[in-house]
Amino acid sequence: MSCPSPLPTIARRTETAPRTVGGRTVPSALAGLIGLGALLAAAGANAQEPGGGFGPPPIATSPQPQIEVAEPEHHFGRVFQGTVVTHSFTVRNRGTAPLKISKVQSNCGCTSTFFTEEIPPGSDGRVELKIDTAELAGGPQRKSATISSDDPAAPQLTLWLAGEIVPILVPSVMSIKFGGICEEPKEERFRFTPGTDLPTEVLAARLRDGLAEVALLTPLEGGGAEVHLRAPAGTEPGLLRDQLLLRVKVGEAEPIEAPFPVLIEHRDRIQITPNGNVVFFRRQTAHLETDPTRDVSKELHVRPERPDLPLRVTAARIEGVPEGLLGAEVREEIAGQHYVITVRVLKSFEESQVRGRLVIETDDPLRPLREREVLAQFRLRSPPG
């Protein structure tokens, strides 16, 4: 058995002869280190040059504006309704190029009266906002305005004015709302008492949009007034919105117009509950696949708006659906006062859903028909095969 050959010996060569570098005689080992340092220095220089092949080119930088508002929200505290609140916000340009403000867009109740259009680098400008609290109701308020500038990092910045407005008049109810049967006139009285200890006089009253009228304005002892509102008959049921404007003088200040939202409800002669559409979901109609005799139905109750307006439901039917899919029937609970309409899904169906409408016939001389949308959903079925 022969032994393996020994590993070859790697010869190390030691050079002791001196070498000449840069005109000077140095030992060979030191000369090698100097050459290596020069090579690394050259590589580093090439890495900093564009197109040198040693890393990306440097990123070009250009002057940019930078907007800053140290306090973007101003709290003006507690003020009486009718006070004009004005505040000037300091806008600083922390960038290296001029900052250009193109516009200041405010929301409802807050207006911009002035803004600096161009601010040099390192300098300050201002944006002035104003709130006329005579146009706002009492209570906490928070209004904003948006600055649009050429700052690429923050092209829009929002400023806020916040505080509490003490109303000069306080209504006796939370909501100024009145109404009645659509086809009949409506009227109601509302009392407004002073919100401050100062002498308060209501000089005039009007409705902004004319959906109602002020029938009578009666001063109250100790200040304030009672306002009698009247609305004409409506053409169709619904909720209308207007604004009552009371011209008020408080103390020695100039009179202001204080706004109060008004709701006018024109109600239908007939109540149908529950309100809204009639909907059958898949979890309800799925029972018909295993038990076709199962009752899948919903009930609607029909009553007059007032007992002195009796009605009679004469018929109910479903329109716009395949024949025999849905049905409706009427049951009289109390003659002239209460009827129950039952809407039924009679069988399952191959489509995912079906839409139709429930038509209710009554003896209402003005609008004999009432309608509700009907939606029936069915379980999705796999295609055959």
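Buried means under 20% relative accessible area, exposed means over 50%, and partly exposed lies in between (1.4 Å probe, protein chains only). The views below show a predicted model, in which local features need pLDDT of at least 70 and side-chain atom pairs count only at pLDDT 80 or more, while totals for chains, interfaces and linings use all residues. Residues are numbered from 1 along each chain as its sequence is written, and side-chain values use heavy atoms, with hydrogens and water left out.

**View 1. Arg 92 and Asp 124 form a salt bridge.** A salt bridge is a side-chain nitrogen of Lys or Arg within 4 Å of a carboxyl oxygen of Asp or Glu; by this rule the model has 28 salt bridges. In the one shown here, the side chains of Asp 124 and Arg 92 meet at 2.8 Å, N to O. This pair links distant parts of the chain, 32 residues apart: Arg 92 belongs to strand S5 (residues 84-93) and Asp 124 to strand S9 (residues 124-132). Strands (E, at least two residues) and helices (H or I, at least four) are DSSP runs, numbered from the N terminus. Arg 92 has a relative accessible area of 27%, so this residue is partly exposed. Asp 124 is also partly exposed, because its relative accessibility is 47%.

**View 2. Arg 269 and Asp 364 join two loops by a salt bridge.** The distance between the two side chains is 3.4 Å, N to O. Arg 269 sits in the loop between strand S19 (256-267) and strand S20 (270-273), and Asp 364 in the loop between strand S26 (353-362) and strand S27 (369-377), so the pair ties together parts 95 residues apart in sequence. Arg 269 counts as buried because its relative accessibility is 19%. Asp 364, at 7%, is buried too.

**View 3. Asp 364 also forms a salt bridge with Arg 370.** The closest N and O atoms of Asp 364 and Arg 370 are 2.8 Å apart. With a relative accessibility of 5%, Arg 370 counts as buried. Through shared partners, salt bridges join Asp 268, Arg 269, Asp 364, Arg 367 and Arg 370 into one network.

**View 4. Thr 285 lies in helix H2.** This helix covers residues 282-285. Thr 285 has 1% relative accessibility and therefore counts as buried. Contact means heavy atoms within 4.5 Å. Leaving aside neighbours within four places in sequence, Thr 285 is in contact with Phe 280, Val 345, Gln 377 and Phe 378.
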